[in-house]
Amino acid sequence: MRRLLSLVVILMLSVAVFACAKKEQPSNLDVERTNTVQTVAMVEKVNLKDRMVTLRSLEGRLFTVHVGEEAVNLPQVRKGDRVEISYSETLEVRMAEPGEVSNESSSYQARAEPGSKPGGLEVNETIVTAEILELDKANDTATLKMADGSIATVHVENPDYLDKVKVGDKIAIKYLEVVEIKVKGK
């Protein structure tokens, strides 16, 4: 499962992976990109039996989400409540240290106390190393071999980064994803 998660995360990163320089310039190797999106939606309908909540986005679009059993405070949610959602992802890429091999995933979850408005926090972190097997400058892609042996071909976000790495280089990638949801009263 961790192997699959690592591969999926790498593919989804759409490769800011190559935001690194040659091994001879270690002071320029660290790259960090962060993207945060925050939004608010209004509760339109709560179906406790099926655990479905219909929300209205700021643009007026209706969408329905299933709320899992772990949200023990769902009965506290009412029509008109405001739901605040924050999503953040951070990607760090650097040249791997000699002999460094990583293939790790971890998760942390926190839920609101029983009796209070629902809310929660989920943090997922993946740390992997990969060897560059192929660079295709014509198509802005790179083929990577992960620490677990899986192979992934990824699109490089900034084609200039292809000039800063070479076949055989090993890179270290850390991907952090944080989702926070808070339900506020009317």
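This is a predicted model: local features need pLDDT of at least 70, side-chain atom pairs count only at pLDDT 80 or more; totals for chains, interfaces and linings use all residues.

Trainee: Which residue stands opposite E131 in strand 7?
Mentor: Strands here are DSSP runs of E, at least two residues long, while helices are H or I runs of at least four, all numbered from the N terminus. Strand 6 and strand 7 (residues 141–146) are antiparallel partners. In strand 7, the residue facing E131 is K145.

Trainee: In the chain, where is confidence highest?
Mentor: The score is pLDDT, the predictor's confidence in each residue, from 0 to 100. The chain has a mean of 83, and 84% of its residues reach 70 or more. Helix 1 (residues 2–12) has the lowest confidence, at a mean of 39, and the top value of 95 belongs to strand 6.

Trainee: How many bridges join strand 6 to strand 9?
Mentor: Two strands count as paired if DSSP finds at least two bridges between them. Strand 6 (residues 119–136) is joined to strand 5 (residues 103–111) by 9 bridges, antiparallel, and to strand 7 by 6. Strand 9 (residues 170–184) also runs antiparallel to strand 6, with V179 as the bridge partner of E122, and the bridges joining strands 6 and 9 number 13.

Trainee: Back at the hairpin of strand 6 and strand 7, which residue takes a positive phi?
Mentor: Most residues other than glycine have a negative phi. This hairpin has 4 residues between its strands.

Trainee: Is L144 buried or exposed?
Mentor: L144 sits in strand 7, with its C-alpha 5.5 Å from that of E131 although they are 13 residues apart in sequence. Buried means under 20% relative accessible area, exposed over 50%, and partly exposed in between (1.4 Å probe, protein chains only). L144 comes out at 0%, so L144 is buried.

Trainee: How many residues are in the largest nonpolar core?
Mentor: A nonpolar core is a set of buried Ala, Val, Leu, Ile, Met, Phe, Trp, Tyr and Cys residues joined through side-chain atoms within 4.5 Å. L91, A130, I132, L144, M146, I171 and I173 touch the most other members of the largest one, whose residue count is 14. At least two of its residues come from each of strand 4 (82–95), strand 6, strand 7, strand 8 (151–155) and strand 9. Another core lies apart from it, with V43, L55, A71 and V77 among its 10 residues, whereas the size of the largest is 14.

Trainee: How far apart are the closest N and O atoms of E44 and R56?
Mentor: A salt bridge means a side-chain nitrogen of Lys or Arg within 4 Å of a carboxyl oxygen of Asp or Glu, and the count is 10. E44 and R56 form one of them. E44 is in strand 1 (31–47) and R56 in strand 2 (52–56), so the pair ties together parts 12 residues apart in sequence. Their N-to-O distance is 3.3 Å.

Trainee: Which residue meets the side chain of R51 in a salt bridge?
Mentor: R51, in the loop between strand 1 and strand 2, has a positive phi near 60° and is buried at 12% relative accessible area. The partner lies 18 residues away, in the loop between strand 3 (62–66) and strand 4, and counts as exposed at 62%. At 3.8 Å, N to O, that partner is E69.

Terms used:
Residues are numbered from 1 along each chain as its sequence is written. Side-chain values use heavy atoms; hydrogens and water are left out.
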